[in-house]
Amino acid sequence: MGPRPLRIIVCIKQVPKAQELQVDPKTQTLKRVGVPSEINPPDANALELALQIKDRRAAEVIVISMGPTVFDESLERGVGMGADRAVLLTDRILGGSDTVPTAYALSETIKKIGDFDMILCGEETTDASTGHVGPGIAGHLDIPQITYISEIQIEDDSVRARRTAEDGTEWWETTMPCVLTVNFGCTKPREPTLLGKIRVKRAGVIVHWSCADVGIDPNKVGLKNSPTIVAKVDTVHLPPRARKVFHGDAKDAVAKLLDALLEDGVIAL
Amino acid sequence: MTDGEHVVEDKSHFTGVWVFLEGRKHILRDVSIQLIGEGRRIADRRGAHLTGILPGHSVENLARQAIGYGLDRVIVVDRPVLEIYQSRPYAKVMATLIRRHKPEIVLFGASKNGRDLGGRLHAVLETGLAADCVKFDLDEEGNLDMIRPSFGGKSLAHILCKRHRPQMASARRNVFLPPPHDPNQTGEILHEEVDVNEKDVDATLLEFQEFTREGGLRPEEARIVISGGYGLAEGKNFAMLQELADLLGGAVAASRKAVDSGWMPKEFQVGQTGMTVRPEVYFAIGISGAVQHLAGMQESEKIVAINNDPKAAIFEIADYGIVGDLFQIVPEFVRQIRERKATKAVPMPVAAR
Amino acid sequence: MAERFDAIVVGAGPAGSAAALALAREKFSTLLVERGRHAGVKNMFGGRIYAWPLFDLLPEWEKDCPVERFVSSEHMVFLSGDASLGIEFESPRLASGKAASFTALRPKFDEWLAKKAETAGATVVTGIKVDDVVRDGSRFHGVVAGSDRIEADLVVLAEGAMGQLTQRAGLLPDLTPASVSVGVKETIEVPAPVLQERFGLGDRDGASYVFAGDVSGGARGGGFLYTNKTSLSIGLVVSSEDVARKKLEVPALMQRFRMHPSVQRLIKGGKVLEYSAHLVPEFGLGMKARYVGDGILVAGDAAGFLINNGYTFRGVDLAIASGIAAARAAVDARKSGDFTARGLSSYERYLRELNVLTDLETFRAAPSYLKNERLFTLYPKLLAEIAERVYTVDGTAKQKLSEVIFDEAKEKAPLLRLLRDLIEGARSM
């Protein structure tokens, strides 16, 4: 008798592609519709880790997201990559939620799915880069969290994860269910496959839930129930740069550069 | 924070500026020290006390050390179970203390543990947390104006938490200046009881392997950073950069592409998803200058770029640069520096020929 | 998870989408797999679709089909040096009923047709390249993409001009330069009022131009120009054999073409939106394609179903018709329970009934005829010079038309050869 299948929930967010970050001047928020978008890269790394677990043992991978219906694009990609199904929590009242309502709403969605063993998230998003939602979900569900991990090992009922701290590497062990946040770039996310894309087209594989479907309290979500707001956005004022560029033969150019750096007191020998 | 009924408590009940103190192996983290300085500035403007919060075990020395940086007092919660940082017990301690004392502002260093803690805590307390701040101010109403980079580092967003308390923020490392240390500074050390023990622990640290410090300084600490990118083509070519770094007394770093290619470990990565550095001089070698990389180094005092593509974006923000083949330029640079150092070191012969 | 479909269609161009649509309608569980991110993204053509097969396939097609303009005037222009001689044909009947043809933009059109296939019940997957067709000896029964394998009773290859799977399946000989041309095209933005004024068009109608003669600087080929709603599609189709042999650069040829005063006049002031290039398999039946096998059918460009007879270019309509024919053959095969080449053999009959094969056979000689260099250099020059002499009234003594013709021909074109070329032309075109 083999090990029981694990249910792994991966939280993903759809973000504008890095080079395409565009601010809507009216709302001072990121344009999300009509710009090239992708799965938040750390979330894709998290999904890849989940799929690697599924490669090795019986597991059900469910990708979930909270956002407008355009996020279906990313959920479809997740299923195309190999996730078994997807849930989009989508509801107008969620608009403008900061990380407190987001963690709450995703937690409720996860509870509704139920019976989960692991929740994986990317360490942070490339558009907001707070890194709050993963730990926030753990706080709401009161389950263990291990952040900034690159590797997962599963033995019976325990999970071991390799965590990157500033000054070294840590190996942690905990029980399931738990939340793990995954380091950007620790895996190479696989491409969607033909079978995956066929699964995307099957009815019921990707579902939309509203707040009412999940039982989310409207008084705890949305812009007006978010503790933080973005009051304003300034452009960064960077120091002007001298741009003294030297061309030509390596020996000459280096000599000129070295002269300039020494003269201007940038370096001393 | 709500009063338990989803109604936000009257914020006038909340006073005081708190700094979460983080240590490893009985040394205060640099970001905690930096935050004490900034916390002092904010507390003074608010006319409030500055308190350090130190959960841990046998941390009396650490508490005293912290006072020396300018804290009015330190609240210590000393339990064996808090000896090393763990999410759940630490979050429980912080939540309990915050509910008990109602600070107006709580600051964390945006270290891995700081963000791990803040993230869990802000959901439990249902209050605002601004991540990775680089500046703080106060708005007209006295709310904390939490300023952080956004949109890939091209903008600065001002985050306000107007109705909820405490206002929480994590602060980026090496942005705020560490305050001077005065061992004669006096301040209270309060020991508080929080019901936290073994049953609150839900994870075990099996092993910790410190990064060895071979190969010189770490980029965040160095005055000169020599950073290599995709143009280096191979991992072994970073040895050339290390040579240059050693000559100039600097540290080697890498762009994300170089790290992704496996040429350098992740802890040397500079950029939006790596670390931010602001050295006196940043050498960008074989680095094209993608927006995400710039976000991690664009505030360096002086930037020197070496790239064989004259149109590379890095030249837009460089003070000095050479367009050419780095495999010729870097060794030549090393050679010429050695030469000049040698001529300086040799004393003038008494009798010239 | 093993996955199985009754039919798998490779390529969501017009042939594939038409096949998938017709198969789905006949209650075949159908998978349509497209390599590009969306249908049509990898496809390019000159610009005009003959609509006749759509009437059968989608009786309501006109309601939402992304038509640019219905072609109501045909132009044939002979270029020589900096002069040109043009023939114009206009008729209200050109743009109506089953004879209707319209200019289109491929990404929009292909996407529309693929969506119709999906609505009819086909499972449409994009962004996946089929690596191989599954076979046991001569029997084909599925496809492989990456590490995924899908089984089917019938595989329809509609993969377009490059035909790699078709070649690998042994159904198409290797492409040689003689059988492939290079098509290049620019889409030039011209605002509708300007466009309509310049070409004398109403809101919905359009013009088609074929350029013959000294179009491609010594390489055999022809030019085209089609009017879209707010843009022009202009380009060349040139023999890749000539391009290779004479060491020509296609972009330079395109530049030379667009700089001809008669072409400049039509495109001036327009902004180039897009530049694209594509292979065009020429010589239709001459390619010796086999398009029926055990469990496999080939449709569209992949089977060489294109006609270039010098004055008309057809590909999309033949592709759609072949997709329809493939579905009909599949129905027969299912009825008899036999998906071997024999069970699918009615494909050829349906291709004839829809006049795909018939027209291909009619114009079978056109490709070799069009190899005749004189058509591209000597004869257009002759025509232009005759016209120039006829139309120039400058005070010098004028000659009669017949004298001019005889004069010019005597010098440049031996009469016997000219006559032979004329007759052969009439026969093959």
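Two strands pair if DSSP finds at least two bridges between them. Keep that rule in mind for the contact between the chains of this predicted model.

Start with β14 of chain A, which spans residues 229–235. Six bridges join β14(A) to strand β10 of chain B, residues 155–160. Pairing takes at least two bridges, so these strands count as paired. The two strands run antiparallel.

Now widen the view to the whole contact. Chain A brings 80 residues to it, and chain B brings 87 residues. Together the two chains bury about 7,500 Å². Carbon and sulfur atoms give 57% of that area. On the chain A side, three residues lose the most area to chain B: A:Glu166, A:Arg241 and A:Leu269.

Which elements of chain A supply at least two residues each to the side that touches chain B? The helices are α3 (99–113), α4 (133–141) and α7 (250–263). The strands are β9 (145–155), β10 (158–165), β11 (168–175), β14 (229–235) and β15 (244–246). Of these, α7(A) gives the most, with 11 residues. By class, this side of chain A has 38 nonpolar, 21 polar and 21 charged residues.

Next, look at chain A by itself. Its domain assignment gives domain 1 as residues 6–225 and domain 2 as residues 238–269. The C-alpha centres of these two domains lie 47 Å apart.

Finally, turn to salt bridges in the structure as a whole. Over all chains there are 62 of them. One lies within chain A, where the side chains of A:Arg190 and A:Asp55 meet at 2.8 Å, N to O. What does this pair tie together? A:Arg190 sits in the loop between β12 (178–182) and α5 (194–201) of chain A, while A:Asp55 belongs to helix α1 (residues 41–56), so the bridge ties together parts that are 135 residues apart in sequence.

Terms used: Residues numbered from 1 in each chain as written. Chains lettered and ligands numbered in written order. Predicted model: local features only at pLDDT ≥ 70, side-chain atom pairs only at ≥ 80, totals over all residues. Heavy atoms only, no water. Contact = heavy atoms within 4.5 Å. Buried area = accessible area lost by both parts, 1.4 Å probe. Helix = DSSP H or I, 4+ residues; strand = E, 2+ residues; numbered from the N terminus. Nonpolar A, V, L, I, M, F, W, Y, C, P; charged D, E, K, R; others polar. Domains from an automatic or database assignment. Salt bridge = Lys/Arg side-chain N within 4 Å of Asp/Glu carboxyl O.
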